[in-house]
Amino acid sequence: MRSMKAMTALLLLVAAGMAQTPAPTGAGALSQPAGALSQKDAVALATRMVQLMESTAVATPGLTQASGPLKQNAQATLAAMERTQLNAGLTYQFINQVKAYLGLADSIPRPTPFPAAADQQYAELRDSLGRIQRHFEAILQSQNQVSQKRDPDPNNLKRYGDADAKVPPPAAKMPRVVFLGDSITEGWRINEYFTGRDFVNRGIGGQTTIQMLARFRQDVVTLNPKIVVILAGTNDIAAGVSVEQIEENLATMGDLAKAHGIKPVLASILPVSDYHKDVDPAYQMTANHPPATIQAINRWMQGYCLSQGFPYMDYYLAMVDSAGQMQPDLSDDGLHPNAKGYRVMSPVALDVIGRALGASESEEKRRFRLLGK
């Protein structure tokens with residue numbers, strides 16, 4: 001489970017809009033930000049952390065083999081960090097790899113008695129993680145200043161800023177649901193498709209998961225919903241964002257929602273198609289949105305939701321055809337649903353939201369019974 005500190009750091013990252021943008025190198029590189037380690041010291045610290053991953057794994061039977069891929073990934077990231085100055089993206093990636101290792105290590109029973117030296121090494125590794133986290137945040141603050149000069153609102157917080165401030169508190173007997181997403185959500189006239197409900201549309205066309213993370217607090221948390229439906233990833237795929245980063249961003253939104261008492265519902269990425277390319281060559285969608293990538297992220301999403309107890313909203317299954325593309329009559333451009341497409345999506349959304357609210361209410365009743373109320 002990601003800590004709140006990790007989530008705060010990621011929000012700093014997305015506010016800077018730099019998650020997938022490497023820091024410049026060579027003559028144009030940034031000077032060392034205040035509070036950040038030097039390149040030499042940062043690499044030395046990361047090198048020591050990789051060594052500690054190796055040595056602590058030996059102390060727990062089965063951990064060396066189980067953590068092999070994580071350690072290899074951390075070593076590869078370290079090698080890349082050695083070649084690049086002040087790279088926030090690589091540093092964040094390394095931090096997550098170490099956290100994943102520690103999470104795995106904590107999940108495997110340790111022998112009794114456990115060697116005192118191994119305990120000390122784990123303590124050193126956790127302390128080093130805090131140090132590199134502070135280094136990471138210092139880099140982000142510096143990059144944020146540069147980013148703000150370039151674009152004062154890179155994540156379009158102003159889009160719903162005034163509207164969010166005017167949204168009244170949710171009614172006691174009408175659970176609020178926020179739909180967070182990109183143009184597919186923005187183009188959905190939710191109040192027309194779902195009348196008599198407190199459903200709030202917070203979609204912005206063209207946005208990626210990293211931009212949605214940046215506005216998650218403003219456009220979701222402050223509205224006090226029971227549920228947030230997150231439909232995201234299409235633009236990330238088109239922009240070449242790695243599958244791993246997309247999954248990390250989606251998981252962090254799930255963590256943020258849960259931390260604020262909001263039930264996250266992750267919605268599958270919709271299929272795309274090339275059926276309308278004769279109308280316009282730009283409507284050939286599978287080149288920039290490979291169906292295999294969409295399917296891989298959706299499989300991960302379904303498994304992640306199952307592991308976390310989050311509802312999964314499978315629009316994909318309802319809209320895909322036998323060729324693995326969006327049914328031609330559900331879209332006019334192969335990417336965005338048309339009116340018929342939204343009519344297919346609506347009952348899927350209502351069913352999952354209804355079950356999620358029912359589960360939430362049942363859980364609340366169970367807790368009250370345990371408290372004797």
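A nonpolar core is a set of buried Ala, Val, Leu, Ile, Met, Phe, Trp, Tyr and Cys residues joined through side-chain atoms within 4.5 Å. The views below show a predicted model.

**View 1. The largest nonpolar core has 37 residues.** M49, F94, V98, Y101, L125 and I132 have the most contacts inside this core. Helices α2 (39–58), α4, α5 (88–107) and α6 (116–150) each give two or more residues to the core. In soluble globular proteins, nonpolar side chains tend to be buried together.

**View 2. L125 and its contacts.** Neighbours within four places in sequence are left aside here. The contacts of L125 are then M49, L52, M53, V98, Y101 and L102.

**View 3. P69 in helix α4.** Helix α4 runs over residues 68–83 and holds P69. P69 counts as partly exposed because its relative accessibility is 47%, between the limits of 20% and 50%. The C-alpha atom of P69 is 9.9 Å from that of Q97. Along the chain, these two residues are 28 residues apart.

**View 4. Helix α14, residues 291–308.** The helix has 18 residues, so at 1.5 Å a residue it should span 26 Å. Its end C-alpha atoms are 26 Å apart, which agrees. I294, I297, N298, M301, Y304 and C305 are the buried residues of α14. They sit on the same side of α14, because they cover an arc of only 125° around the axis. A292, R299, L306 and S307 are exposed on the other side. The cover over the buried residues includes α12 (234–239), α13 (243–259), β4 (263–267), β5 (312–313) and α15 (315–319). G309 follows α14 and has a positive phi, near 75°.

**View 5. The stacked rings of F179 and F194.** The count of aromatic pairs comes to 13. In the pair of F179 and F194, the ring centres are 6.1 Å apart and the planes are at 20°, so the pair is stacked. The pair links distant parts of the chain, 15 residues apart. F179 is in strand β1 (residues 176–181), and F194 is in the loop between α9 (190–193) and β2 (198–203). Both residues are buried. Ring pairs join F179, W188, Y193, F194, F199, Y315 and Y342 into a cluster.

**View 6. R110 over the rings of F114 and Y122.** The charged end of R110 is 5.0 Å from the ring centre of F114. R110 also lies over the face of Y122, at 4.1 Å from the ring centre.

Note on methods: Residues numbered from 1 in each chain as written. Predicted model: local features only at pLDDT ≥ 70, side-chain atom pairs only at ≥ 80, totals over all residues. Heavy atoms only, no water. Helix = DSSP H or I, 4+ residues; strand = E, 2+ residues; numbered from the N terminus. Buried < 20%, exposed > 50% of the residue type's maximum accessible area, 1.4 Å probe, protein only. Contact = heavy atoms within 4.5 Å. Expected span 1.5 Å × (residues − 1). Arc of directions from axis to C-beta. Phe/Tyr/Trp six-rings, centres within 6.5 Å; stacked < 30°, edge-to-face > 60°. Lys NZ or Arg CZ within 6 Å of the ring centre and 35° of its normal.
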